[in-house]
Amino acid sequence: MTLSRLAELSADPAASFVLIARDGADTVELLTGDVIDVDLLGDIPLDIDGVPREVFALVPYRQVRERGFVAQEDGAPLRCLIVDEHDHLSTSELIEALPSAPVPLHDDGFDIADADYATIVEKVIAEEIGHGEGANFVIRRDFTARIDADDRTAALTWFRALLTHERGAYWTFAVFTPGHIAVGASPEAHVVARGGVVTMNPISGTFRHPAGGATRDTLVEFLSSTKETEELFMVVDEELKMMSAVCSDGGRITGPHLKEMSRLTHTEYMLRGRSTLDPRDILRETMFAPTVTGSPMQNACAVIRRHERKPRGYYSGVAALFTPNAEGGHDLDAPILIRTVYLNDGALSVPVGATLVRHSDPLGEVSETHGKAAGVLGAIGAIDRDRVAEARSDADAPGDERALADDPTIADLLSSRNARLADFWLNPQGDDLDGPFAGRTAVVVDAEDRFTTMLAHQLRHLGLSVTIGAWSDVQDGDLAAADLVVAGPGPGDPRDAGSPRIARMREVVAGRLDAGAPLLAVCLSHQILGDRLGIELMPLDAPHQGLQKSVPVFGEDASIGFYNTFTARVAPGTTNVGPAEVSADPGSGDVYALRGPRFASVQGHLESILSRDGIHTLERLVRHALA
């Protein structure tokens, strides 16, 4: 297909096509075909009349309803381009052919004022993270503007600017369909499935290059930040939940690496596992990246619904390319839709979000959204360097072209992070699941935190045959038939008697105790067990979200990851409460673990990547409960 054909497509407002430049390629892919909108991911037509078809899909955020999560409704379509032709154009020739005249912006600014956004940040930290609703949440705002140029001309102009000046993007792309035009440079391959191998690429931490570019010293300061490091670990934990749901081997971590772009640098890990699922099912189970939603995912959607002022459209969704493979199925390549400009009838929108954690400073998060918006607008040439500086991004320089990750100091800083992580998720786990509890069965009750998928994977590694049941669906008969019931973690206040979820988890815990049947209680359920035993529950002075601690667990110190806002607390020095042996902090009395006749519990998340002694401690507690 010639460049003249691209010119014809660009001039036709009814024509649909997609341009994709993949990282490291010297060509730009041109996809053309007809567009259809479908309701569900399962409706994406990968086969038409028995013939496998390549399909490009724009997946909006509202599709989280397929997982039973809430979202504001905006009618953004799940738009599919059924590819008739897939051609490759020379990048250098395309750059010469694309328009380059500047496209001025006017009536520009954020849809939410800085002070109002800072107030939202404060509320989320106090009312959501502070009340145990989750570890981190992403709240977005939009930079908006008007242009006088034709939408398609503007988008092609900005695509050219990205091809010319941006580096390090996983996909640089432009999507043209009637009523929906998008152009961007996504750094993150959210989920890829090829040859039975699933890969996810959690990216977190944003270092905005100072004037003159990134240097070793400025990057060392960024990599030494506790907030940035913990933020990345929390994101990896959340994506491992997804990997454990779709991969038989749960997923293995490699990294961390630097993702160096022209104006920004991020830190990232790679997660890999094996799966035989349909790629549409893989995509469904991995909606969407915690880097732009939060964790736990289900509650993050609820928090977004409570605090964002309008629907998300395609922000935090994915662009998904399904390509027929030699095995008769389809490969999936789905980068996340961030760093993207949306155009519709002269109206421009750049959605950006800040990740809010317990350490967050409201004004700092306001500044981060300015930096992200300015980074996008500067990369496409929509604002000049002076405007970028005014926008407080400090991201106006293309940066040092040297790969800073090769610097020994930077490499050592990166690799040292893994010393804090669990070997279980870093090393190959093998296929032999004939563990110490082989032949026993377990039901894990999910209280709306999919840490349960990681926990179930570890239990299977110990030999148990495991099923997961949602708190709202699991039947008493199934619980009674299991050798072990694992009452799982979840968000919220364990004292909330008005919550149906908390009430049901109380029933699960009480039922197993009363029956003298083996029970393991984790995090929220550990607190519920403590309450059942007469131990006082109370909020912590500061949330322990993504916090690693070395704590006593019945005669052994264990390095464990914590994600809790509430705690069961006894008088310091207490070693027993009723039938239960207590393992608690000698100073505060915070209870880390309980065990008694056929039951055990733990406050931390033994399945977390932060739990270096997780699998060993899990085996100890399960062995006690089953004894």
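Residues are numbered from 1 along each chain as its sequence is written, and side-chain values use heavy atoms, with hydrogens and water left out. Because the model is predicted, local features need pLDDT of at least 70 and side-chain atom pairs count only at pLDDT 80 or more, whereas totals for chains, interfaces and linings use all residues.

**Overall architecture**

The protein chain contains 17 helices and 30 strands; these are DSSP runs numbered from the N terminus, with helices (H or I) of at least four residues and strands (E) of at least two. Its radius of gyration is 25 Å, which agrees with the value near 25 Å for a compact globule of 627 residues. That radius is taken over C-alpha atoms, and the globule rule is 2.2 Å times the number of residues to the power 0.38. The C-alpha trace spans about 80 × 55 × 50 Å along its principal axes.

Contact means heavy atoms within 4.5 Å; among contacts between residues at least 6 apart in sequence, 74% join residues at least 24 apart. The chain exposes about 22,300 Å², of which carbon and sulfur atoms supply 48%, by the Shrake-Rupley method with a 1.4 Å probe.

**An open sheet**

Eight strands form an open sheet with mixed pairing, in the order E22-E21-E23-E24-E30-E29-E28-E27. Its edges are strand E22 (465–470) and strand E27 (576–577), each of which pairs on one side only. Two strands pair if DSSP finds at least two bridges between them. Strand E21 (residues 441–446) is joined to E22 by 6 bridges, and the two run parallel. Val 444 stands opposite Ile 468 in E22.

**Buried elements and residues**

In helix H16 (residues 524–532), 7 of the 9 residues are buried, so this helix is largely enclosed by the rest of the structure. Among the buried residues are Leu 524, His 526 and Ile 528. Gly 534, with a positive phi near 90°, follows H16.

Ile 282 belongs to helix H7 (residues 279–285) and counts as buried because its relative accessibility is 2%. Met 242 is 40 residues away from Ile 282 in sequence, with 9.0 Å between their C-alpha atoms. Leaving aside neighbours within four places in sequence, the contacts of Ile 282 include Val 191, Val 246 and Leu 277.

Lys 259 is part of strand E14 (residues 252–260) and is likewise buried, at 10% relative accessibility. Not counting residues up to four places away in sequence, Lys 259 touches residues including Pro 187, His 266 and Glu 268. Its C-alpha lies 9.7 Å from that of Ser 204, a residue 55 places apart in sequence.

**Backbone angles in loops**

| Item | Angle | Location |
|---|---|---|
| Met 287 to Phe 288, cis | omega near -15° | Phe 288: loop between H7 and strand E16 (294–295) |
| Ser 295 to Pro 296, cis | omega about -5° | Pro 296: loop between E16 and helix H8 (297–307) |
| Glu 448 | phi about 75° | loop between E21 and helix H13 (451–461) |

Arg 339 is also buried, with a relative accessible area of 15%.

Methods:
Buried < 20%, exposed > 50% of the residue type's maximum accessible area, 1.4 Å probe, protein only.
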